Amino acid sequence: MQVSSQGWLNGLMGVLIFSGSLPATRVAVAAFDPVFLTLVRAAVAGLLGAGLLVACGAKRPSRADLGALVIVAFGVVIGFPLLTALALQHVTSAHSVVFIGLLPLSTAIFAVLRGGERPRPVFWLFSMLGSALVVGFALQQGAVAAPLGDGLMLAAIIVCGIGYAEGGRLSRRLGGWQVISWALVIALPMTGVLALVTRPDSLAGIAAPAWLGLGYVTVFSMLIGFVFWYRGLAQGGIASVGQLQLLQPFFGLALAGVLLGEAVTPAMLAVTIGVIACVAGARRFGN
C-alpha cells in the first residue's frame, strides 16, 4: 500500500475517533466544570503518554523540537479542549458543527504557513466548497447565533488548526504517537497541578454517563485518536488529509442516530455525499 493511502486510512481512523469527542464532552460538562474537565483529561492522558514513552524506549526530542511541541500542547492539549468545553456550555454539540466544518480549512492554511505545503489552486476550491456544505447544512438545521459560544468555537478552530499542522509537520521526524505523547508530557506539570487545584469538592452523585464521557475524551480523544491522526497527516500531507475532517460532523450525527435514536434525514445523506466528493477532489489536488 502506498504511503499516501496509508496516510488517508490513518487519518480516517483518527477522524472516526474524534467524531465522538463533542458529544462526549457535552455529556461530561453536564457534571464536571469545563476547566477541570480540560485539565484532568490532559493530565491522565499525560500519565498514559509518559508510560508509553518509557515502555517503548522513545528518544527524547531535540531542543529544536521543543518549541513545536509547546505549540502542539497549547493547540490540542489545552486550547481546543478548553475552548470547546466552555463553548458547549452555551451552544449545543449540533451547533458546533458550523465551526467544525471550518477546521479542515484552518488546518490547510496553517499547513501552508507552518508546514511549507503548497496545494494546487483547485484544492482550495474543493476545501472551501466542502466547508460551505458543512456550514450550510448546520445552519439549515436551525443553528442560531450565540455570540459567546460562537466566539469560543472560532478561537478553538484557530488554535486547533495550528496544533494539527504543527503536530503533522513534527510527526514526519518523531512519529505520530511520540508527538502527542511528548506534548502531553510537556503540559503535564501544569495540567496535573491545576487539575488537583480545580477538582470538585465531591465526586459523589456524578452519573455514569459523565464518567464515560470523561473516559472517552481522555483515552480516545486525547491520545489514541492523535496516534492515528498525526501519523496520517505526516504520511499523506497535512492539507490534503486534513480535509477528512469534513466528514467528522456526519460521523458524529450518525453516532447520535445509533446511540440516541436521532433521525438521519435525506438532506444529511445528500450533503454527506457532496462532502465525500469534495474530500476526494481535495485528495487528488492536495499535493
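The largest nonpolar core holds 64 residues, among which V77, Y164, I180, F226, W229 and Y230 touch the most other members. A nonpolar core is here a set of buried Ala, Val, Leu, Ile, Met, Phe, Trp, Tyr and Cys residues joined through side-chain atoms within 4.5 Å. Helix α4 (residues 63-87) gives the most to this core, contributing 10 residues. A second, separate core of 14 residues includes V29, F32, L39 and A210.

The model is predicted: local features need pLDDT of at least 70, side-chain atom pairs count only at pLDDT 80 or more, and totals for chains, interfaces and linings use all residues. Residues are numbered from 1 along each chain as its sequence is written, and side-chain values use heavy atoms, with hydrogens and water left out.

D65 lies in helix α4, and L170 lies in helix α8 (residues 147-174). Helices (H or I, at least four residues) are DSSP runs, numbered from the N terminus. D65 counts as buried because its relative accessibility is 5%; L170 is likewise buried, with a relative accessible area of 0%. Buried means under 20% relative accessible area (1.4 Å probe, protein chains only).

The table lists contacts, defined as heavy atoms within 4.5 Å.

| Residue | Residues touched, not counting those up to four places away in sequence |
|---|---|
| D65 | L170, R173 and L174 |
| L170 | D65, A68, L69, G175 and V179 |
| I180 | V76, V77, M222, L223, F226, V227 and Y230 |

L170 and L233 are 63 residues apart along the chain, and their C-alpha atoms are separated by 9.9 Å.

Definitions and conventions:
Buried means under 20% relative accessible area, exposed over 50%, partly exposed in between (1.4 Å probe, protein chains only). Helices (H or I, at least four residues) and strands (E, at least two) are DSSP runs, numbered from the N terminus.
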